[in-house]
2 protein chains.
Amino acid sequence: MEGGNESQYEGQFFENYLRLRSKPDNFNDLLEFPAFTALLPDLEGRTVLDLGCGFGPHAKYYVEQGARHVTGVDISEKMLEHARKVNNDLRIEYVRCDIADPAIIDLGRHDIVCSSLTIHYIEDLTALFTNIAQVLDSGSVFLFSMEHPIATANNDEGRTNNLTDGYMLKHYSEEGIRQGEWIGAPITKYHHKFMTVMNSLIEAGFIIDKVMEPMPSKRLMKKVPRMKKQVNRPSYLIVRALRR
Amino acid sequence: MEGGNESQYEGQFFENYLRLRSKPDNFNDLLEFPAFTALLPDLEGRTVLDLGCGFGPHAKYYVEQGARHVTGVDISEKMLEHARKVNNDLRIEYVRCDIADPAIIDLGRHDIVCSSLTIHYIEDLTALFTNIAQVLDSGSVFLFSMEHPIATANNDEGRTNNLTDGYMLKHYSEEGIRQGEWIGAPITKYHHKFMTVMNSLIEAGFIIDKVMEPMPSKRLMKKVPRMKKQVNRPSYLIVRALRR
């Protein structure tokens, strides 16, 4: 979910995040969620591992789509407490764990692994993807979304996002940590180039099956004008990969 | 090679292109060529189809690396005439053909297909890649480079390239034709999003094996200061794919 390490949940972040997500015009619900769920395989009777589950909206959706069991993993106990309240279901188990920790392998085999907007908080993608490959059988789906490499390149997101005539891209080739501010709290992300996302998957034993850079429809841009900036610069990268 | 349809070779373009490529600090030789050739499989005794061969520098390199036969294809007779002069070899056959024409299938099976900086002149990537898949056996390599999607997005390349503090990205999500000027001549390119390059390969029956966004070394940036702009915005995308 949005927001990397536990410390990022201190102070105002948690409340601000919930406030943001409760707005009817938030990008997650309008842009990322529809594009992400459109790439899901049939979940009927399957087990799903949801890495970075946040307060559980995706996990809840998976069981609604017929998943037999969903393991929702998040680093934030605060987020998980809220998930157990607002997205509680007998078929969902919420577990506290840093998804970068190899301990996720101990969560055991799953039919599908999903991760929505969490991977841009992880520094070593090859290590993460290699751990994920351990819990999947050959041919199984790993579906994830992340902040787009074009979007994570800059340190000065806030400022550049205010540009209406385009997006000032900087530091694209300089991968690594990005210290910024988001919804009124300091936040740590990692910028990865396209090539690193693709090559880390391949090296970890995945076959790239589909790549998406979701764009708002004309109708959605009319409804939410600030989405027009997406035409110049996509916010999200979504990848469906198959375990080799 | 650089420069799409035959008409783009009229007037000054051809001479200007050769002048550009003869400069010791041209990006093709310093940045694209080393990154591209580093991804080549062993060419010893193999046959290579070089799509958009231009005046043949890659074709010549392939035979020097042991290729048994190279078929160099280009749309420009002018370019091929020059290739037969400066990169002539008994093992290289230069053929005039538009690489977007399904006629390339009639060139027959090859062990490897290469294409250096030509694919951004092609509108329909799925059609092109599907034709290329026809001349390759399962497991064979298709290696190509193209102008990076971040670089082709804008119409006003010339202006934005003058920005030293960053690259103003615009119209990324609006795929299609880009009319611009390059080395003193009008030029037509097509902007394809990263997702389109990847998905077109997958749909055409390829497995993505390696993705590169070549960056100049610190040494090279010191030698050629204008290369520092690459840190903000990569010029090239290189992909190695395997026939499924």
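Two strands pair if DSSP finds at least two bridges between them. Strands here (E, at least two residues) and helices (H or I, at least four) are DSSP runs, numbered from the N terminus. Keep that handy for the first stop.

What you have open is a predicted model, where local features need pLDDT of at least 70, side-chain atom pairs count only at pLDDT 80 or more, and totals for chains, interfaces and linings use all residues. Residues are numbered from 1 along each chain as its sequence is written, chains are lettered from A and ligands numbered from 1 in the order written, and side-chain values use heavy atoms, leaving out hydrogens and water.

Select residues 167-169 in chain A and find β6(B) beside them: three bridges join the two strands, which run antiparallel. Now click A:Met168; opposite stands B:Met168.

**Stop three: the whole interface.** Color the contact residues, meaning those with heavy atoms within 4.5 Å: 34 in chain B touch 33 in chain A. The buried area is about 2,800 Å², with 61% from carbon and sulfur atoms; that is accessible area (1.4 Å probe) lost on putting the two parts together, summed over both.

**Stop four: a salt bridge.** Show the side chains of A:Lys210 and B:Glu203, which meet in a salt bridge at 3.9 Å, N to O. The rule (a side-chain nitrogen of Lys or Arg within 4 Å of a carboxyl oxygen of Asp or Glu) finds two across this interface. To finish, highlight β6 (167-169), α8 (194-203) and β9 (206-212) in chain B: each supplies at least two residues of the side touching chain A.
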